[in-house]
Amino acid sequence: MPVPPSTLDTMSTRDATDGARSLDRSQLACRVGAYRVSRAVPAEDGATWNQRETLQRIMEQETSHDVIVIGGGPAGSTAATLLARQNHRVLLLEREKFPREHVGESLLPFCYVLLKDLGVVDQITKNFVRKPGVRFIDRDGNISTTWCFDHVIKDETYLSFQVIRGEFDHILLKNAAKNGAEVREETRVIEADLSAGDSVTVTSLDSAGRKSVHRGRFLVDASGRDAFIGTKHGSRKAREELDRTAIWSHWGNVKLQGGLEEGLSIIIYMGLEQKGWIWVFPIGENRITAGFVAQNSYLRDQQRKLTQAGSTDWKYDLCMQELLRSKFVRELLEGSKMLLPMLINGNYSYEVKNHYGSNYAMVGDARGFIDPIFSSGVFLSIKTSYLVSAAIHKQLTEGLNGSNVEMEKAYRLVTGAYNFVHRMIRLFYNPHAVTWAQAGADGLAHKAHESAMAAGHYMLSGDFFENYEKFDDFFKLLEDPKQFRRYQKVVIDRPDLNQPSCHSPWQVVFGDMIERDAERNAAFAASA
Ligand SMILES: Cc1cc2nc3c(=O)[nH]c(=O)nc-3n(C[C@H](O)[C@H](O)[C@H](O)COP(=O)(O)OP(=O)(O)OC[C@H]3O[C@@H](n4cnc5c(N)ncnc54)[C@H](O)[C@@H]3O)c2cc1C
């Protein structure tokens, strides 16, 4: 419904932003929807302008904040928490109602200190399985290497987490609100105007169909795979060389084994045909998340074959067909119950350009996503939010004198880390390289490579952000199988690398979360 411009408060964006800065939160709440109407004028359709104003309020509210964050995943919640802690007025807009399910359940040890700083580590400990390492195995289970983080990390932070993302993300989102961010769920951002350069205007739509206009000084795009800004500006592009899709679910009633009973992540190499792999992570004492990743061309081909053969649920049939190719998974799933419908994440690899500007920054998957093989996504997202939030804080408090050196520095580190992970991923998919399953297998490792093996442990833990040269020897080792074989005769005594174990007692892995686990099982049984 159009409203005559003369009846509206005609404050400019800049005025609205600056004018609101001195108001406290309760005053701000009153400002929401505060349009000024000069008089009650009968309108053509019989409604007075006062009535129209009420309707207009329903249709379009207005808020003013320092920072607007799109998305309440780990990246958005972290940025919102850190900026609100610095007394910036933060509005976080999240499309979904939390908890909502999400892929990405295995966290790297380097997350630990960040979660501790965010103030959520105790809650996370009470809710989720602990993860002491990762085990890579070949399809038949004959060759394997177990990478235990305590090999290189000597304090409590070696023990990471296997989380249920719906609950994990909810903990982080509530933490953002607790730290002072205004959080609006079921509110989708539909437009973001960045043209002013020193402020932003964001339009959102809530579940009741109400439109709101939000003015801010800075926009953080943490919209995940939607990559809101990148998509709007046409700068989100698929990475053709990593065109892969994942199909996954959760299973209960599983007897954990092969290292899962100690909290280990299991990654299984599949054949060259699929150019893919399987993940199995324990997310409860009898519960796993498992998924299958393959090249799109393979999946399309299999989908066609299954459909022609009469499959009415190709996603389910395909995922089971591929999971059951592995002897390890076959044994695991015997007598189990699927707890979620099959979920699919297609074409997940893409890059986005122009990661930041004078009034916006992209964090987490909104900045780009490469491949999940090393479980690096959540750590990269949270760490990026740390670096970028510090730069935003500096910009908001000291202003922009030409360029933001802090922001440039932050994104140099972030880009360096993503490039480093990309290099690890290319190596993983290189069919000529030594695999992470072979690297520590008997007869393949040598004392001379002890420091390289330690580097491998650090890489799997999340040491992505600085001094990448220290990992060069390890890269060379895996890239060149001949170099590896030269040392086969001189075997080091490292049987631990081949055991499906990091010697983590049950109490350490499940002890703190077992009550929550029982609650989840009871809730599932009641709903079944
Ligand atoms: C197959 C697969 C397996 C993975 N496994 C792992 C793993 O084991 N470990 C790991 O660390 N990472 C893993 N990842 C990566 C991980 O899932 C992501 O890196 C991580 O979730 C990114 O967090 P984020 O906050 O950037 O985005 P998200 O967690 O996706 O959050 C983005 C949020 O933005 C909201 N949103 C989107 N658009 C709008 C809008 N217009 N308005 C309002 N809200 C909006 C969404 O609803 C969502 O809640 C995996 C990824 C894939 C594809």
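Helix packing and salt bridges in a predicted model

In this predicted model, helix 4 and helix 12 cross in a right-handed sense.

Q: What makes helix 4 roughly parallel to helix 12?
A: The axes of helix 4 (residues 74–85) and helix 12 (residues 377–398) cross at roughly 30°. Angles under 35 degrees count as roughly parallel, so helix 4 is roughly parallel to helix 12. The two axes come within 8 Å.

Q: Which residues make the contact of helix 4 and helix 12?
A: Helix 4 contributes Pro74, Ala75, Thr78, Ala79, Leu82 and Leu83. From helix 12 come Val378, Ser381, Ile382, Ser385, Tyr386, Ser389, Ile392 and His393. Sorted by class, the contact has nine nonpolar and five polar residues, and no charged residues.

Q: Why is the pair Glu167 and Arg520 called a salt bridge?
A: The closest N and O atoms of Glu167 and Arg520 are 2.7 Å apart. The cut-off is within 4 Å, so the pair counts as a salt bridge. By this rule the model has 22 salt bridges.

Q: What does the pair Glu167 and Arg520 tie together?
A: Glu167 belongs to helix 7 (residues 165–178) and Arg520 to helix 18 (residues 514–527), so the pair ties together parts that are 353 residues apart in sequence.

Q: How do you know whether Arg520 is buried or exposed?
A: Its relative accessible area is 6%. Buried means under 20%, so Arg520 is buried.

Q: What makes Arg516 and Glu519 a salt bridge?
A: Their closest N and O atoms are 2.9 Å apart, and the rule asks for within 4 Å, so Arg516 and Glu519 form a salt bridge. Both residues lie in helix 18, three residues apart, which is about one turn of the helix. Arg516 has a relative accessible area of 24% and Glu519 has 48%.

Q: Why does the pair Lys409 and Glu406 count as a salt bridge?
A: The closest N and O atoms of Lys409 and Glu406 are 3.8 Å apart. That value is within 4 Å, so the pair counts. Lys409 and Glu406 both lie in helix 13 (residues 405–429), three residues apart, about one turn of the helix.

Q: Why is Lys409 called partly exposed?
A: Lys409 has a relative accessible area of 43%, which is between 20% and 50%, so Lys409 is partly exposed. Glu406, at 25% relative accessibility, also counts as partly exposed.

Notes
Residues are numbered from 1 along each chain as its sequence is written. This is a predicted model: local features need pLDDT of at least 70, side-chain atom pairs count only at pLDDT 80 or more; totals for chains, interfaces and linings use all residues. Side-chain values use heavy atoms; hydrogens and water are left out. Axes are lines fitted to C-alpha atoms, for helices over the stretch in contact, and angles run from 0 to 180 degrees between N-to-C directions. Helices (H or I, at least four residues) and strands (E, at least two) are DSSP runs, numbered from the N terminus. Angles under 35 degrees count as roughly parallel, over 145 as roughly antiparallel, 65 to 115 as roughly perpendicular and the rest as oblique. A crossing is left-handed if the near helix is turned anticlockwise from the far one by less than a right angle, and right-handed if clockwise. Contact means heavy atoms within 4.5 Å. Ala, Val, Leu, Ile, Met, Phe, Trp, Tyr, Cys and Pro count as nonpolar, Asp, Glu, Lys and Arg as charged, and the others, Gly among them, as polar. A salt bridge is a side-chain nitrogen of Lys or Arg within 4 Å of a carboxyl oxygen of Asp or Glu. Buried means under 20% relative accessible area, exposed over 50%, partly exposed in between (1.4 Å probe, protein chains only).
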